[in-house]
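Dear colleague,

Please find below the structure that I am handing over to you. My notes on what was found follow it.

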Amino acid sequence: MPKKIALITGISGQDGAYLAKFLLKKNYKVIGVERRSARSNNWRLERLNIANKVTIEDIDIKEINNLIRLFNKYKIDEVYNLAAQSFVHSSFQNPIETSQVNAIGVLNILEIIRNHKSKIKFYQASTSEMFGKHGKKKQDEKTIFHPRSPYATSKTFAHYSVQNYRESYNLHAVNGILFNHESPLRGEEFITRKITLGLAKIYLGKQKILKIGNIYSKRDWGYAEDYIEAMWKMIQSKKPKDYVIATGKNHSVKQFINECVKILKLNTKWIGKGLNEKLINIKNNRTLISIDKKYFRPAEVDNLKGNYNKAKRELKWKPKTSFKNLVKMMIESDLENVKNLK
Ligand code: NAP
Ligand code: F7E
């Protein structure tokens, strides 16, 4: 049997790299879409030892004509659309670019698949950020969206577009509503990685202080590789549907920091309130973490906790990695990274 061909947009990102590794193991031919840039951004594929096992095509998903050429070049079976301007904070500074990629970029691909001769399955990277100010204890597939950022509004547009193309043109298109998922390959600007890298540098004497924003927001943090399997299961299912993927537990940013501090066996305490709250080293009273207003967002998503029962029931999926193990894995990886810094 010929190999199935999977197209991954955003292959240079955290999820793209892990998904490529997963699909290669399943004997797919993997084509990756990457934006051309002067510097190679393949470090994740290299870390996973798969950079030479995937075929890279330089395309920006905002450019529909290049996408059309790509779909004519390969006989694609499955598309995983992971490309996005995915950083919520910068979506407030770049709302138009964010929407062009996260909303119109998705519409570009849906239009191509609709016009294509063969049946192509489509996975869209939807997000728990769409729930925003939800007022529910746990969020599931039926929870009403209340997006709180240009990132979330653009992803909500894409989410509804996928549903609309499924209903209107019978496309095999699914939305994976994934809650935050992290790993040693997470981008350094996201809070989990910012904390593990920052504390690893402080621990090894390479940095004095880490400045962050709102430590009271809560997220349902899972491990990225567990979530990749859910993407694949979703797209394989006979009837295309949308699924929430989460752990069902949440923690605050402050609790994430406390877990890191415990692993590093640092003797610390929190003092002060509001913008003056800080984490200090008890031995010498030095500040390790302080609050900086510039990392706050114009509108915050205070807390997220997912109900993944539908995925458990219908896809036989459940998360495997605990919060404690996730934090440990990230801290240990960043200690190694910092030791190897020149
Ligand atoms: P990520 O690390 O930021 O990766 C995003 C990828 O998209 C990068 O490879 C980036 O390429 C690429 N990209 C950005 N703009 C593009 C464009 N115009 N054309 C082509 N490629 C473009 O994100 P991630 O954490 O892997 O997340 C994957 C997807 O899941 C994203 O759509 C994200 O919004 C969504 N999501 C993530 C989470 C999470 O917790 N990680 C949760 C829910 C949903 P460059 O390297 O060139 O920037
Ligand atoms: O922020 C707070 C911040 O940037 C988490 C993306 O993958 O997951 C991610 O979006 C929380 C927020 O992720 C800092 O205010 C405090 O409440 O790590 P984050 P996010 O915004 O939840 C969703 C599901 C996606 O879809 C997105 O693509 O942490 N926070 N201080 C901070 N956040 C950052 N980045 N930096 C700080 O200094």
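In these notes, a residue is called buried if its relative accessible area is under 20%. Please bear in mind that this is a predicted model.

I begin with helix 8, which is mostly covered, as 10 of its 13 residues are buried. Among them are Tyr227, Met231, Trp232 and Ile235. The helix covers residues 224-236, and at 1.5 Å a residue it should span 18 Å. Its end C-alpha atoms are 19 Å apart, which agrees.

Next come the aromatic rings. A pair of such rings is described by the distance of the centres and the angle of the planes. The whole structure holds 13 aromatic pairs. One of these joins Tyr18 and Tyr223 edge-to-face, with 6.4 Å from centre to centre and 70° between the planes. Because Tyr18 belongs to helix 1 and Tyr223 to strand 10, this pair ties together parts that are 205 residues apart in sequence. Tyr18 is buried, at a relative accessible area of 5%, and Tyr223 also counts as buried, at 10%.

Tyr80 and Tyr123 form a tilted pair, 6.1 Å centre to centre with 40° between the planes. Tyr80 lies in strand 4 and Tyr123 in strand 5, so parts 43 residues apart in sequence are tied together. Both Tyr80 and Tyr123 are buried.

Finally, two charged residues deserve mention. Arg186 lies over the face of Phe190, 3.9 Å from the ring centre. The charged end of Lys254 sits over the ring of Trp270, at 5.1 Å from its centre.

Yours sincerely

Definitions and conventions: Residues are numbered from 1 along each chain as its sequence is written. Chains are lettered from A and ligands numbered from 1 in the order in which they are written. This is a predicted model: local features need pLDDT of at least 70, side-chain atom pairs count only at pLDDT 80 or more; totals for chains, interfaces and linings use all residues. Side-chain values use heavy atoms; hydrogens and water are left out. Helices (H or I, at least four residues) and strands (E, at least two) are DSSP runs, numbered from the N terminus. The expected span of a helix is 1.5 Å times one less than its number of residues. Buried means under 20% relative accessible area, exposed over 50%, partly exposed in between (1.4 Å probe, protein chains only). Rings of Phe, Tyr and Trp (its six-membered ring) pair if their centres lie within 6.5 Å; planes under 30 degrees apart count as stacked, over 60 as edge-to-face and the rest as tilted. A charge sits over a ring if NZ of Lys or CZ of Arg is within 6 Å of the ring centre and within 35 degrees of the ring normal.
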